[in-house]
Every structure is written in C-alpha cells, then in structure tokens.
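Take the points in order and click on each residue as it comes up.

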Amino acid sequence: MINVAILGFGVVGSGIAEVLTQNKDLIKNKIGEEINIKYILDLRDFPDSPFADKVVHDFNIILNDEEVSIVAEAMGGLHPAVDFSEAALKKGKSVVTSNKEVVAEAGDMLLKTATENGVRYLFEASVGGGIPVLRPLGTCLAANKINSINGILNGTTNYILTQMIDFGKTFEVALKEAQQKGYAEANPTADVEGIDACRKICILAAIAFGKLINPSKVSTTGISKIRLEDVKNAANAGYAIKLIGQAKDIDSKMYVSVAPRLVAYNNLLAKVDDVFNGVLINGNAVDDVLFIGRGAGMMPTASAVVADIVDIAGRPEIKNQNWDKAEDNDLAPLSEKISAYYVCVSNTEEQAKAIFGDIKAISSCDGEFAFITNAMKKLQFEELASKATVISALEIL
Ligand code: NDP
Ligand code: HSE
C-alpha cells in the first residue's frame, strides 16, 4: 500500500481525495498497489466530510511518518508550500503539486532537492489544469528543438473573455462566476493581471529550454484594460482577443511574455473558449502540436495531480528534470521582437497613415480609428506609437 498525504483541502485538494477514492480500484489495477490517503493537512476541520478523520493541522505529523511516501501539495501560495515541499523531499518523500507559484519561483531548487534525495517532484497540474502537456513536452517532444510555445494558460480570464464576448456579461459578473466555479486564484488579481499565466509560461519555457526564468523578469499584461470596442474591432478584422503566454527561441535566446493578443480566427487557439486552455507548441521536427482541455476546476486539476501520484507509484525510478536559473544574457531583448499590431487611436485615418505608413483600416467611429500595422520590431512600433494618440495597442499573434 502507498500512503499519500494531501496538503490543503480546498478545490484541488478535495478533488484529489475524490478522484483517489472514486477510482481506487481502477488505479490499483493499473499499478498493482492501493493508494491510501493517510492524512489531509488543512487549517480548518471538515466534520461533515467523509475524510474528516484524516484531517490534521500539524505538518510535522506527515513529515515524521515514514509510511507516507508521497505528498500532494494543493495549499497555494509560496510559503509555507515551498518549505513543506522541500522538507518532504529531504525526508525522502516524493512531492506532486498544482501550485504554479511554487514551481515558477523554486522549481529548479525543488527538482535538485528531489534528485539529491532519490525521490521525484512532479507538477503536471501546475499548467493547463487537466491537460497533459508538461510530460508530453518533456518526453514525447524531447527529440525536438522547441521553436515556440503559445498558450491560453488561464482558465479564469478565458472564461471571462468568452462570457463578455459571447454572452454580453460584464467583467465583474463573469469574474464572480469564475470564482464560484472554483477557477480563480485566492486573489483573482493573479488571474486578471496575467501573473498566473506568467508563472505557467515560465514553467513551460523551463521544460522546453532547460532554464527557469523568474516571473518578475517577464513582461506581463493582463486583460483588465481590454475594451469591448477593441473586441468588436478585432472581430470585424477576423480576430479573437486572447490572453496569450508566449515563449520563443530567438537566435538561441529565450523570449517570454504574457499579453492579450489578437488571434486570427483560422488559428486553432482562437476557438479555445470558456475555461478551456490551449497550448500550441512548435518543434523543429514535429511542426505544430496543440493541447486543449479544461484549464481549471476541481476534477480536471485533480486528474492531473493524481496522474502524477500514479506515475510515481508505478515508476519511482524515473529521473527528475534538471533546470538551471535563466540569467539575463539567456533572454532575448523584448525590443527586437517582430510583430504586427492592432492599434486604436484618436487620430484621423490620414494622420495614422502619415505616422504608421502602410496600414489596414478596420473601423472609424466616435472619434476613434482602428487599424492593423505591418510587422515591425517592438522598438520601432513604440517610436511610431509615441507620435500618435494611442487608445489601445495589442500585438497580433
Ligand atoms: P483553495 O483556496 O480552494 O484551497 C487551499 C486550501 O489549503 C484551503 O482549504 C486552505 O485553507 C488550505 N491552506 C492554505 N494554507 C494552508 C496551510 N498553511 N496549512 C494548511 N492548509 C492550508 O485553493 P485551490 O484548491 O483552488 O488551489 C490550490 C492550488 O492549486 C493553488 O496553488 C492553485 O493555484 C492551484 N490550482 C488551482 C486550480 C483550480 O482550478 N482551483 C487549478 C490548477 C491549479 P483556508 O481556506 O482555511 O485558507
Ligand atoms: N486560476 C487558475 C486559472 C487555476 O484560472 O487558470 C488553474 O491554474
């Protein structure tokens, strides 16, 4: 029997307990051993839960119990989650997590600690919720040089954008619904301002390029400034607006950013709606591969966490990844990035043409003129934009 402890009995933690219980026999048949939930750590008691008798409040009970071989961390936040994870690995317990903040900030250290202690550290649920994407990127696509990753990586913001665009709901109503459905972070600013997507693209980039960029070094813009007018202008021109995390190899340097971008309707990512996430990976041998699935929510996320537990239980000998920290000279300068832009200005069409040259007009009304530029370096775009009265400017994917 393999004994597991779950840290945090919230949306994800309770999902992990549910999947392990519901699919107990099926999992036992797959790995030949039963997985038993021995403890659940939380700050609160859950007297009405069928797992009430497993709840403990002192992490040391789990740490010092040699029968516990796998710890599933689903508490969220950096501390004490990172400290508990490190302590468990040092005690010879494998750790699985859905906590992207911990992986993006300290994944390199935790992977090394796991390797030094002969155990595993896995975090499939930290990116894309229920989508199997980290393991395929690290293994099935291992033969490739990864050229680019473009992902809709946050379920909450994709849900909000879809509800606003397709059902005319306000931002506030859509966010409240996302919170009620258990998609949002404890502080939803992390979703709305792109911080969560940033952590996830850092994790994907680390698997693709072997180096973990600290999220603080990544240019990150959220969806809070997207206007309904921009959504309509984009639609008129044949684009959807999506919050996209992007990691690219530019001349063997890493370019990583998060921003709302215009995605052409003929790009498969444009059709990834609601809480679904989509990750489009381009490798030099395989070309494009697209992963789609539910990016948040109790059971899809638990599916990924439990898959990590099953993987460790069934194949404890597999090596951990090895990440270095990305240094500044590993990063491509943002100013060199070439893109076309959607721009909305309060200048006239003639003025816009005089500044930006050859442009494709989209609409002109209420003193606003919207258009698409030719592809140019970000630096050049910023120089031109400084000569106009820009209301909105978004990169085109
Ligand atoms: P919740 O807030 O629902 O659950 C967290 C639970 O952990 C709460 O019950 C909380 O207690 C408990 N907790 C917090 N700190 C401690 C502590 N120091 N000791 C013991 N228990 C603690 O969060 P989620 O389940 O939604 O998310 C958990 C993690 O999974 C986060 O990192 C999140 O980003 C990630 N994730 C979430 C997804 C989702 O769809 N919700 C999807 C993918 C990843 P209390 O409520 O009393 O504070
Ligand atoms: N808040 C996150 C999201 C949870 O909405 O994508 C899944 O990581």
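1. Start with Lys-100: one of its polar side-chain atoms lies 2.4 Å from an oxygen atom of ligand 2. Keep in mind as you look that this is a predicted model.

2. Now find the nitrogen side of the story. Asp-191 has a polar side-chain atom 2.7 Å from a nitrogen atom of ligand 2. Tyr-183 also has an atom 2.7 Å from a nitrogen atom of the ligand, but here it's a backbone N or O atom.

3. Who else is around? The residues surrounding ligand 2 also include Asn-154, Gly-155, Thr-156, Ala-184, Glu-185, Asp-196, Lys-200, Gly-295 and Ala-296. Sort the shell by class and you get five charged, four polar and three nonpolar residues.

4. Which helices each supply at least two residues of that shell? Look at H7, running over 155-167, and H10, over 195-209. As for the site itself, ligand 2 takes up the space of the largest pocket.

5. Zoom out to the whole protein.

6. One last check on overall size. A compact globule of 397 residues would have a radius of gyration near 21 Å, so the 22 Å of this protein agrees with that.

Definitions and conventions: Residues are numbered from 1 along each chain as its sequence is written. Chains are lettered from A and ligands numbered from 1 in the order in which they are written. This is a predicted model: local features need pLDDT of at least 70, side-chain atom pairs count only at pLDDT 80 or more; totals for chains, interfaces and linings use all residues. Side-chain values use heavy atoms; hydrogens and water are left out. A residue is near a molecule or strand if one of its heavy atoms lies within 4 Å of it. A polar contact is a pair of N or O atoms within 3.5 Å; within protein, one must be able to donate a hydrogen and the other to accept it, and residues adjacent in sequence count only if both atoms are side-chain atoms. On a 1 Å grid over the protein atoms alone, a cavity is a set of points where a 1.4 Å probe fits but cannot get out, and a pocket is an open set with protein on both sides within 12 Å along at least five of seven lines; lining residues have an atom within 4 Å of a point. A molecule sits in a cavity or pocket if more than half of its atoms lie within 2 Å of its grid points. Helices (H or I, at least four residues) and strands (E, at least two) are DSSP runs, numbered from the N terminus. Ala, Val, Leu, Ile, Met, Phe, Trp, Tyr, Cys and Pro count as nonpolar, Asp, Glu, Lys and Arg as charged, and the others, Gly among them, as polar. The radius of gyration is taken over C-alpha atoms; the globule rule is 2.2 Å times the number of residues to the power 0.38.
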